[in-house]
Amino acid sequence: MEHSRDILENISTAVIVLNKDLNVTRINSAGQALLEVSLTRTTGTHVSQLVLSPSQWLQSLEQVRQSNAPLTLRGLQLTLLGGHEIHVDLTINPVLDKDGELNLLVELQAIDRLLRISREEGMAHAQETTKAVIRSLAHEIKNPLAGVRGAAQLLSRELPNEGLTEYTEVIIREADRLRDLVDRLLGSQQQLALQDLNIHEVLEHLRMLLQAETENRITIIRDYDPSLPSFPMDRAQLIQAVLNIMRNALQASTQIEDCVLTLRTRSQRQFTIGTKRHRLVCRIDISDNGPGIPEELMHAVFIPMVTGRAEGTGLGLSISQSIINRHGGLLECDSRPGNTTFTIYLPMETQHAK
Ligand SMILES: Nc1ncnc2c1ncn2[C@@H]1O[C@H](COP(=O)(O)OP(=O)(O)O)[C@@H](O)[C@H]1O
Ligand SMILES: [Mg+2]
């Protein structure tokens with residue numbers, strides 16, 4: 001039994017076992033991740049409590065219970081308790097437990113998830129190209145800029161009239177401003193200083209920071225999975241990455257009265273990032289109840305200099321993404337009015353590629 005439990009836990013297919021009354025007796029990690037539910041909240045509950053739209057699913061379960069024959073449903077749409085929809089292929093198998101009672105073994109395959117990853121890879125590719133172009137442009141700008149600045153400095157010393165230095169000062173100041181922008185565009189090339197840390201300590205630090213910054217005008221809900229182990233991260237850089245996301249959430253939500261930020265952590269087994277499959281990853285969701293990302297920006301928010309705000313630089317998310325990528329992780333975003341969620345996946349193994 002322990003052995004089969006182990007196997008179930010480590011496969012990437014979501015599996016749910018129901019007893020004859022359709023109450024949940026087992027749900028593996030992949031199942032919890034797919035349906036975004038926790039083990040403690042679901043064990044023993046009726047299957048209809050797992051999602052908001054159970055009717056078609058219930059019908060099929062009923063059918064298998066009566067006919068005792070396996071059944072597969074393709075492209076079933078399920079509305080999760082959190083409100084968003086997923087599409088799954090679903091197989092129901094009748095099995096007998098050790099007491100001879102009828103159990104139903106339900107396997108769910110997310111078709112969304114597969115679509116999303118392949119789309120992401122395409123997008124990641126396009127973004128890499130854009131970033132490479134921006135980086136080489138930034139490098140090209142740096143050298144002549146240093147020349148302009150140096151010449152302006154020399155000129156200011158030679159000027160016969162003190163009043164004229166005002167102009168060289170403008171040149172120097174603007175050159176410095178441009179250099180700062182270019183440096184931020186190029187992003188930090190600093191090596192990651194990895195140390196084993198608890199992600200909740202980092203999130204709590206950020207929560208306190210935001211509460212202080214906003215003078216407690218916002219509500220921050222914490223939904224942490226306390227069982228998450230420590231894993232290697234660069235504390236300062238990760239703080240920067242998450243802070244950029246949180247600041248955006250705040251900026252977008254200032255116009256609404258009850259601004260609520262939710263910080264959620266979960267562990268997820270058997271998760272693929274790029275082409276690498278990880279045994280265990282840490283998932284961090286940062287959600288806000290603001291108006292959402294404008295439709296036309298949605299595909300481009302991670303690209304540097306893309307901004308929806310008059311005073312924005314468009315660098316925040318691109319910096320966050322590159323820090324997370326350098327941790328071997330993935331940054332995703334899902335947005336609609338009233339609920340925007342940025343999800344960070346970080347591998348929890350001790351080895352990193354970079
Ligand atoms: N939580 C959010 N809600 C709504 N829009 C967002 C959110 N996060 C990011 N955005 C949009 O993405 C754009 C890019 O964000 P970012 O890269 O941080 O640059 P900046 O904040 O300088 O504009 C923002 O200008 C905003 O339009
Ligand atoms: Mg920003």
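## Close-up views of a predicted model

View 1. Ala-14 has Leu-108 of β5 as its bridge partner. Ala-14 belongs to strand β1, residues 14-18, which pairs with strand β5, residues 102-110, in the antiparallel sense. The pairing of β1 and β5 extends over 5 bridges.

**View 2. The open sheet of 5 strands.** The strands follow the order β2-β1-β5-β4-β3, with antiparallel pairing. The edges are formed by β2 (24-27) and β3 (71-79); each has a single partner strand, so one side of each is left without a neighbour in the sheet. From one strand to the next, the twist averages 25 degrees.

**View 3. Helix α4 packed on the sheet.** Helix α4, residues 55-67, touches β3, β4 (85-96) and β5. The direction of α4 makes about 155 degrees with that of β3.

**View 4. The hairpin of β11 and β12.** Strand β11 (residues 330-336) runs antiparallel to strand β12 (residues 339-347), and 7 bridges join them. Cys-333 has Phe-342 of β12 as its bridge partner. Between the strands lie 2 residues, and Gly-338 adopts a positive phi near 90 degrees.

**View 5. The shell around ligand 1.** Among the 22 residues around ligand 1, those that come nearest are Ala-252, Thr-307, Gly-308, Gly-312 and Gly-316. Helices α8 (235-253) and α9 (316-326) each contribute at least two residues to the shell. The largest share, 4 residues, is supplied by α8. By residue class, the shell comprises 8 nonpolar, 12 polar and 2 charged residues.

Terms used
Residues are numbered from 1 along each chain as its sequence is written. Chains are lettered from A and ligands numbered from 1 in the order in which they are written. This is a predicted model: local features need pLDDT of at least 70, side-chain atom pairs count only at pLDDT 80 or more; totals for chains, interfaces and linings use all residues. Two strands pair if DSSP finds at least two bridges between them. Axes are lines fitted to C-alpha atoms, for helices over the stretch in contact, and angles run from 0 to 180 degrees between N-to-C directions. Two residues are in contact if their C-beta atoms, placed from the backbone, lie within 7 Å. A residue is near a molecule or strand if its C-beta atom, placed from the backbone, lies within 6 Å of it. Ala, Val, Leu, Ile, Met, Phe, Trp, Tyr, Cys and Pro count as nonpolar, Asp, Glu, Lys and Arg as charged, and the others, Gly among them, as polar.
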